Amino acid sequence: LFTHIDHVGIAVADLDAAIAFYQDVYGMELAHRETNEEQGVEEAMMAVGDSTSCIQLLAPLSEESTIAKFIAKNGVGIQQMAYRVEDVDAVCATLKERGVRLLYPEPKRGTAGSRINFVHPKDAGGVLVELVEPAPAH
Ligand code: V0V
């Protein structure tokens, strides 16, 4: 079903400070940065070498953001595990058949034009799992 670990999402309070930490301490490069209003986040993708996997730093845009809620409950730290897939519609259909709840009836827009959905953490051993179908290469 899954082809790669696309990213691991980490809830942070201060995005610029977190980017600086990942650059200065781990030597990671900022691959992409964007604001996603619908998801209530400002996010930064930090590349893990040339693996094509990233660390996604997620800062809340408001107090209503899922990330603000996560930090209030758990503090900063790992919030999600994201797998890359080729066809998010097909993978969602398969996972539904296998009895797990998807958060959205249809995929939503994620980083850099990707299509994303999530498996509910309560159906997945306490892990919020994101499915990412990257935007087609130009
Ligand atoms: C909540 N729970 C979690 C969790 N968030 N468990 C593991 N990991 C998490 N991240 C547990 C929580 O402890 C509760 O367990 C239960 O689920 C219900 O949580 P809640 O605090 O009442 O929160 P809800 O239900 O309001 O929201 C939880 C969900 C929400 C997962 C539904 O966070 C959500 O819609 N997430 C998907 C969207 C998202 O995360 N967006 C930000 C990243 P107990 O206490 O009942 O046992 S945006 C992104 O990734 C982008 C743009 C991208 O990659 O491209």
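Entry 1: I began with Tyr-26 and found it partly exposed, at a relative accessible area of 47%; here buried means under 20% relative accessible area, exposed over 50%, and partly exposed in between, with a 1.4 Å probe and protein chains only. I note at once that this is a predicted model, in which local features need pLDDT of at least 70 and side-chain atom pairs count only at pLDDT 80 or more, while totals for chains, interfaces and linings use all residues. Residues are numbered from 1 along each chain as its sequence is written, and side-chain values use heavy atoms, with hydrogens and water left out.

**Entry 2: aromatic pairs.** I then looked up ring pairs, taking rings of Phe, Tyr and Trp (its six-membered ring) as paired if their centres lie within 6.5 Å, with planes under 30 degrees apart counted as stacked, over 60 as edge-to-face and the rest as tilted. The structure holds five such pairs. Phe-21 is partly exposed, with a relative accessible area of 39%. Tyr-104 and Phe-118 are also edge-to-face, because their ring centres are 5.9 Å apart and their planes stand at 85 degrees. Tyr-104 lies in the loop between helix H3 (88-97) and S6, and Phe-118 in strand S7, so this pair ties together parts that are 14 residues apart in sequence. Both Tyr-104 and Phe-118 are buried. I also recorded a cluster in which ring pairs link Phe-21, Tyr-22 and Tyr-26.

**Entry 3: a charge over a ring.** Lys-108 lies over the face of Tyr-104, at 4.7 Å from the ring centre; the criterion is NZ of Lys or CZ of Arg within 6 Å of the ring centre and within 35 degrees of the ring normal.

**Entry 4: the sheet.** For secondary structure I used DSSP runs numbered from the N terminus, helices being H or I of at least four residues and strands E of at least two. Eight strands form an open sheet with mixed pairing, in the order S2-S3-S4-S1-S5-S8-S7-S6, where two strands pair if DSSP finds at least two bridges between them. Strand S2 (29-36) and S6 stand at the edges with a single partner strand each, so one side of each is left without a neighbour in the sheet. The pairing of S2 with S3 is antiparallel, over seven bridges, and Glu-34 stands opposite Glu-43 in S3.

**Entry 5: helices against the sheet.** Helix H1 (residues 15-26) lies across strand S1 (4-11), S2, S3 and S4, and runs at about 5 degrees to S3; axes are lines fitted to C-alpha atoms, for helices over the stretch in contact, and angles run from 0 to 180 degrees between N-to-C directions. Helix H2 (residues 66-74) lies across S1, S3, S4 and strand S5 (77-84), at about 90 degrees to S4. In H3 I found Val-88, Val-91, Cys-92 and Leu-95 buried. They cover an arc of only 100 degrees around the axis, which puts them on the same side of H3. The buried residues of H3 pack against S7 and strand S8 (129-133), contact meaning heavy atoms within 4.5 Å.

**Entry 6: positive phi.** Most residues other than glycine have a negative phi. Thr-52, in the loop between strand S3 (41-47) and strand S4 (54-60), has a positive phi near 70 degrees.

Terms used. The arc is that of the directions from the helix axis to the C-beta atoms.
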